[in-house]
Amino acid sequence: MFQRCGSLCLNNLKLQSHLSSKYMSTLSRAEAKKRRNALFEEEKKMQRSAIGRIEKIEVKYKSPTEDVVLIMNKDISTPHDCAKHISEGITNVSALALVDGNPWDMHKPFKSDCNLELLSMMTPKISAINYAFWRTCSFILGAVADTAFKDDITVHLHSFPVPVIKSGSFVYDVFIDLPDWKPTEAELRAMSALFIKFINSEIPIERLETTEFIAKEMFCNNPFKYKQIPDIAANSVNNKVTLYRIGDHIDISKGPMIGNTKMIGRCTVSAVHKLTSDDNEVLYRFQGVAIPKGILLNHFAYSILENRAKKLNDIIWQPQKDLEEDFAENIQVGVNT
């Protein structure tokens, strides 16, 4: 049922398919992924070539110990580039930026002169870093679900909602053509191993804004994403759709996310729960828990987080005001009980 992960041999269940014709794909997942990446690269190159004459901007970096003025390139240079100019130590720990006080991806180009702060996973009392960490974990969980199954099993990523740290787990909802699947402990461990593989690869998380048309071309093989894209574009700035990529996995999200998978520490794919969507489609809610690298918990303390993350996470959507209160109260990322 799953692809092999390292030397771990996984169960190969033979379950009858009940796949509706509307979810059948003309391309295999591997072919669809290859096509999506080709479009991503083409769009990235086109945007770079459209910049034209390079304009210089002034980025004022502020930290508790120093202030630095950097001359960078408009629409090209990123907070990650600035971090490399400052020091290797800053580069290694910077997970998220604040540009003029607003959360900003480490690999998102600057648009104008600005003030810059760089946040690590240990930055106290900055709720945006919690938000980005949890969202990134959901993003990687989707990559795990998309990678774990053999190609003869139809898998369509559905969505991952706004993080609610108090819920105790990050989630991703997935359509899988296995209507009676109940994952075993061995299968959950195998998916956790895939998650760890993404982390250990130390992959930078790329960001790309594109048009509704290009996004639909990329996700034409996924009926859920394809249907969601027009609403996403209509509710975004300049009708753009924001994409993120780790390795060869691409997904849609408003962001921001942390800059590199290496900043995630201990992690577990804790549970998969069967759901029924608003359209009466069967979805599986993948759930996980993780803590940032550098935060140390003993086995007993971490097992409390794992056990909580096994419970069905139905605390998903909340008004923005409530979300902001959640993040203000929860400074330690992923270790709330």
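Helix H7 (residues 223–234) of this predicted model has Phe224, Lys225, Ile229 and Ala233 as buried residues, where buried means under 20% relative accessible area and exposed over 50%, with a 1.4 Å probe and protein chains only. Because these residues cover an arc of only 135 degrees around the axis, they lie on the same side of H7, the arc being that of the directions from the helix axis to the C-beta atoms. The face turned away from that buried side carries the exposed residues Lys227, Asp231 and Ala234. At the start of H7, a side-chain oxygen of Asn222 comes to within 2.9 Å of the backbone nitrogen of Phe224.

| Element packed against H7 | Residues |
|---|---|
| strand E6 | 155–159 |
| strand E7 | 170–176 |
| helix H6 | 212–218 |
| strand E9 | 240–246 |
| strand E10 | 249–252 |
| strand E12 | 282–292 |

The second largest pocket is lined by 23 residues, with Gln47, Asp75, Pro109, Arg207 and Leu208 nearest its centre; on a 1 Å grid over the protein atoms alone, a pocket is an open set of points where a 1.4 Å probe fits, with protein on both sides within 12 Å along at least five of seven lines, and lining residues have an atom within 4 Å of a point. H1 gives the largest share of this lining, 7 residues.

Residues are numbered from 1 along each chain as its sequence is written. Local features need pLDDT of at least 70 and side-chain atom pairs count only at pLDDT 80 or more, while totals for chains, interfaces and linings use all residues, and side-chain values use heavy atoms, without hydrogens and water.

Technical notes
Helix = DSSP H or I, 4+ residues; strand = E, 2+ residues; numbered from the N terminus. Contact = heavy atoms within 4.5 Å. Polar contact = N/O pair within 3.5 Å; in protein donor to acceptor, adjacent residues only side chain to side chain.
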